[in-house]
Amino acid sequence: KKIVILISGRGSNMQAIVETSIAQQWPAQIAAVISNKADAAGLAFAASHGIPTAVVVSKEFSSREAFDSALQQKIDEFEPDLVVLAGFMRILTPAFVAHYAGRMLNIHPSLLPSFVGLHTHQQALDAGVKLHGATVHFVTAELDHGPIVAQAAVEVLNNDTEDSLSQRVLRQEHIIYPRAVRQFIEGKISVSGHHVTIADA
Ligand code: GRF
């Protein structure tokens, strides 16, 4: 099986997936890491692990449609079974999302359906919730609304800042995202409408 991972920056989730795939000897290969930003820090990590990298610079395209179609062409050169969005900071067009329907995952740093969009940790602090976390979900046309594959919760502590809370959530992301990707690769995930079932979980 082949996985293509899309990043925009740091790429710590991508790194967790790569490292777990190696440590657990997945029957899958990270076929490429693709960024929409040339300076994404994660590209160096991927390259140092012998993973092909590519950059499709979003700001060089005049429209969302033009960028997404160039990105799709690049992704499809690697013939992925699964596309993994890992800190990929782009709103995707419906045509792009439809092309990867049922085979594109994202991680969002909140317990969906709470706190869609950006600044989720600040949103959680502002709302005064006592539990916060992260969600792995299938990507659908509606932002941050696809079928939920996995979630992890962390307690919000009295003195939490956006920074401290995001760090605690990120540690959970690095556990649940590799696990979900592995389950997908192993064919254990089935989706029916909005409901995801995972075999022997
Ligand atoms: C993560 O918090 C992820 O949930 C969000 O953006 C951040 C990306 O971090 N979508 P990294 O690039 O994986 O380190």
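The C-alpha centres of domain 1 and domain 2 lie 19 Å apart. The domain assignment places domain 1 at residues 1-100 and domain 2 at residues 106-201 of the protein chain; such bounds come from an automatic or database domain assignment. The model is predicted, and local features need pLDDT of at least 70, side-chain atom pairs count only at pLDDT 80 or more, while totals for chains, interfaces and linings use all residues. Residues are numbered from 1 along each chain as its sequence is written.

## The contact between the domains

The contact takes 18 residues from domain 1 and 15 residues from domain 2, where two residues are in contact if their C-beta atoms, placed from the backbone, lie within 7 Å. On the side of domain 1 that touches domain 2, α1, β4 (82-85) and α4 (94-99) each supply at least two residues. Helices (H or I, at least four residues) and strands (E, at least two) are DSSP runs, numbered from the N terminus. With five residues, α1 gives the largest share of this side of domain 1. By type, the residues on this side divide into 13 nonpolar, four polar and one charged. Here Ala, Val, Leu, Ile, Met, Phe, Trp, Tyr, Cys and Pro count as nonpolar, Asp, Glu, Lys and Arg as charged, and the others, Gly among them, as polar.

## The ligand shell

The ligand is surrounded by 14 residues, the closest being Arg10, Ser12, Asn13, Gly87 and Pro109. A residue is near a molecule if its C-beta atom, placed from the backbone, lies within 6 Å of it. Six residues of the shell are nonpolar, six are polar and two are charged. At least two residues of the shell come from each of α1 (12-23), β5 (104-108) and α6 (162-185). Because domain 1 and domain 2 both give residues to the shell, the ligand lies between them.

An unreviewed UniProt entry carries the annotation "binding site" for Gly11, Ser12 and Asn13. UniProt positions are given in the numbering used here, feature names are shortened, and annotations may be inferred rather than shown by experiment.

Gly11 lies in the loop between β1 (2-7) and α1. Gly11 counts as buried because it has 25 C-beta neighbours inside 10 Å. A residue is buried if 20 or more other C-beta atoms lie within 10 Å of its own, exposed if 12 or fewer, and partly exposed in between, with C-beta atoms placed from the backbone. Leaving out residues up to four places away in sequence, Gly11 touches Ala40, Ala41, Gly42, Phe45, Ala86 and Gly87.

Ser12 belongs to helix α1 and is partly exposed, with 19 other C-beta atoms within 10 Å.

The expected span of a helix is 1.5 Å times one less than its number of residues.

| Helix | Residues | End-to-end C-alpha distance | Expected span |
|---|---|---|---|
| α6 | 24 residues | 33 Å | 34 Å |

The buried residues of α1 are Asn13, Met14, Gln15, Ala16, Ile17, Val18 and Ser21. Their cover includes β1, β2 (29-35), α2 (42-48), β4, β5 and α6. Just after α1, Gln25 has a positive phi of about 50°.

In α6, the buried residues include Leu165, Val169, Glu173, Ile176 and Tyr177. Gly187, which follows α6, has a positive phi near 75°.
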